[in-house]
Amino acid sequence: MTAKFEMNQPVADLKLDRLQQGLVGSGMDRPDGKLKVTGRATYSHEWSADGRVHGVLVRSRIATGAVKDIDQAKVMEMPGVLGVYADKRFLRNPAQGTANEAPVQGVEDIYYLGQPIALVVAETFEQARHAAEILEVNYTRSDDGIFDPEANNIAVEEQDAGKVDQGDLDQAMSEAAFCVDEIYRTPGHNSAAMEPHCSIAEWDGDKLTLRGSYQMLKYNRNELADSLGIKPENVRILAHYVGGGFGSKLGIAPEAVSAAIAAKELDRPVCVTLARQQVFDMTMRRSESRQRIRLACDDTGRLSGIGHEALVSNLPDEAFAEPVTQATHFLYAGAARKMSVNLARVNRTCAGSVRAPGEAIGMQVLENAMDELAYVSGIDPVELRKRNIPEQDPEEGIPYSGRKLHEALDEGAKRFGWDKRSATPGKVREGEWLIGIGMATAARVNMLMESKARVRLEADGRAVIETDMTDIGTGTYAILTQIAGDMLGLSGDRVETRLGDTDYPEASGSGGSFGASSSGSSVFLACSEIRKKIAGKLDIEEDELVLKDGSAEVEGKTVSLVDLLAGEALEAEGHIVPGDTGDKVKQATYGAYFAEVAVNSVTGETRVRRMLGVFDAGRILNSKTATSQCYGGMVWGIGLALTEELLFDLRDGHIVNRDLAEYHVPVNLDVPQIDVHLLDERDPWASPIQSKGIGELGICGAAAAITNAMFNATGVRFRDYPATLDKVIAAI
Ligand code: MOS
């Protein structure tokens with residue numbers, strides 16, 4: 001029995017608010033938490049398989065050209081070495097994760113330094129790594145590589161997506177009482193998930209089982225099947241636990257395809273794990289960007305024009321272009337609007353989705369520019385934003401669904417003590433330290449994706465959820481357990497959530513912050529169907545059903561579900577399908593960041609002292625995991641503001657700092673006490689459970705609050721990210 005629901009109208013029934021179990025919205029502990037902290041949650045590398053051997057990918061040592069030949073003879077004589085594979089079915093890059101097919105790109109042509117060109121397999125990892133190091137590859141070099149996205153002669157492609165030219169921005173700028181016209185630069189970023197990418201491939205006849213670290217299994221299965229030239233039904237992917245993804249595990253990647261090819265040839269399970277340096281080389285980078293922002297306003301701060309024109313980069317033939325203007329389209333008013341994204345073709349590692357593609361760096365610089373406009377107009381930065389919250393979408397002319405931006409700004413200002421800020425920069429000093437306070441708006445588009453789940457209420461009164469959804473550290477195990485627990489009147493320990501297996505119904509996967517709403521809705525729908533069956537047994541309507549702690553309450557009497565089921569399990573499948581609510585209303589999530597920094601006037605060091613985020617993402621399904629997502633986004637915001645930067649060698653495009661010693665993510669000592677306050681809302685347009693995505697919201701502008709605070713501290717604008725101490729010391 002499948003309960004299918006298409007999201008074509010707002011769902012006003014707040015059923016989750018009328019239930020008795022009280023799990024949804026609470027900070028229930030993760031069911032997987034104990035397994036993870038005690039080392040019993042099995043990540044892909046940790047699976048043992050009989051006769052497992054190890055493959056190590058070989059990286060190209062040239063940037064552009066071709067592989068002429070590979071001399072295997074020497075390594076094949078080395079101890080333990082079983083084979084060298086350089087197959088036409090290899091991928092040069094990961095796929096993007098929402099594709100049903102993966103481009104098969106082979107290993108002959110080389111597009112960037114670090115591209116995987118061969119796999120060496122040996123009995124042990126050490127033997128394979130040694131052989132991979134000395135494998136002799138002969139190249140035909142070409143010198144047509146382009147490594148600088150801002151080079152003069154570079155081919156630039158204007159993207160259709162996100163292009164807007166409305167009204168006359170030049171005129172708005174020339175007639176404005178106040179305006180800003182600045183260029184900002186953000187560097188490339190790496191996802192830096194804790195768990196490196198790993199796949200173990202094992203064949204049984206023509207059936208492939210892949211234990212991998214992936215975010216979107218139904219797509220990954222199709223992509224893998226497509227690249228191998230086999231049927232999707234012959235592929236099973238298992239990913240019960242995923243140690244972070246942030247976009248880098250959205251699509252099937254070279255390690256999975258190469259492991260599958262070698263495992264087939266050798267008829268043994270093959271494990272391919274990327275070393276941290278290979279994660280930097282071979283998985284998605286966030287594109288660096290050059291962004292020009294123009295803002296024009298009248299003497300009361302009301303925007304008359306917004307311009308946001310960006311240059312990003314990617315490899316030749318790659319479709320993805322970081323959509324940096326994504327939130328600029330709908331966030332603020334302003335009649336004249338000019339936005340565009342240009343894509344430069346460069347021979348750098350593949351650019352793709354990294355947490356909050358678009359907004360993470362687009363909101364960052366838009367919110368810098370808003371701070372600049374507030375300063376030149378003499379209007380308080382919080383007030384300036386409130387004055388420019390539009391009535392309806394300024395480009396599409398449609399209304400907004402839930403949007404508590406005004407409230408987030410006010411609540412944040414109150415909680416942070418914004419009124420104590422000195423509007424004049426450089427006024428607060430503690431010895432060598434210059435102290436400043438800054439803020440920024442958060443905004444991120446909201447999406448709902450097709451998703452299915454099966455729920456079975458067993459005769460013993462326990463429930464089991466099965467879906468090929470993943471939990472990439474976000475809390476999926478918890479929130480699905482909570483939804484089913486509330487719907488069926490069961491405590492959390494009576495619900496078992498099973499994820500990460502393509503044998504289960506196809507889910508949305510984890511990406512674009514849509515996982516919780518989409519998979520949560522499918523569980524909600526399945527449980528609604530089971531509730532109807534229970535109500536039928538009691539001869540009442542589902543609406544009248546009161547379930548708690550494994551029992552139904554009927555006319556003052558308590559009937560246990562076990563008795564009611566009388567040995568028969570109830571099962572249903574829920575299927576959510578996105579409809580046209582996304583066209584009828586503008587759906588997004590919002591918030592506000594506040595930061596206090598201390599900038600050392602002698603060393604240029606910046607310390608973030610306090611940080612607050614207030615967020616609106618519809619119904620909060622689990623206050624603890626939602627808060628943790630926001631912490632993570634804001635911690636990354638500290639990295640974007642101050643330290644994180646992929647450094648490319650402009651001679652050959654290779655990433656110079658391709659490990660966590662040289663690519664500086666914030667560590668404990670960099671992160672102050674962060675406060676997160678969630679505005680628990682109900683957005684009836686967004687999903688049947690009135691929730692929206694929160695996973696990426698915490699990063700979408702967070703860095704701007706920090707650099708705006710640095711301006712307040714020092715009077716210096718930092719438009720070239722990250723604001724490392726060498727730049728700070730030179731500027732102050
Ligand atoms: Mo996300 S960058 O869609 O995992």
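## Helix H16

The expected span of a helix is 1.5 Å times one less than its number of residues, and helices (H or I, at least four residues) and strands (E, at least two) are DSSP runs, numbered from the N terminus. Helix H16 has 13 residues and reaches 19 Å from its first C-alpha to its last, which is close to the 18 Å expected at 1.5 Å a residue. This is a predicted model, in which local features need pLDDT of at least 70 and side-chain atom pairs count only at pLDDT 80 or more, while totals for chains, interfaces and linings use all residues. Residues are numbered from 1 along each chain as its sequence is written, and side-chain values use heavy atoms, with hydrogens and water left out.

H16 is mostly covered, with 13 of its 13 residues buried (under 20% relative accessible area, with a 1.4 Å probe and protein chains only). Just after H16, Gly715 takes a positive phi of about 80 degrees.

## Packing against H15

Helix H15 (residues 623-642) packs with H16 (residues 702-714) at an angle of about 50 degrees, their axes 7 Å apart. H15 is therefore oblique to H16, since angles under 35 degrees count as roughly parallel, over 145 as roughly antiparallel, 65 to 115 as roughly perpendicular and the rest as oblique.

Gly436 is found in strand E21 (residues 433-445) and, at 1% relative accessibility, counts as buried. Although Gly436 and Ala713 are 277 residues apart in sequence, they are 3.8 Å apart in space, C-alpha to C-alpha.

Terms used
Axes are lines fitted to C-alpha atoms, for helices over the stretch in contact, and angles run from 0 to 180 degrees between N-to-C directions. Buried means under 20% relative accessible area, exposed over 50%, partly exposed in between (1.4 Å probe, protein chains only).
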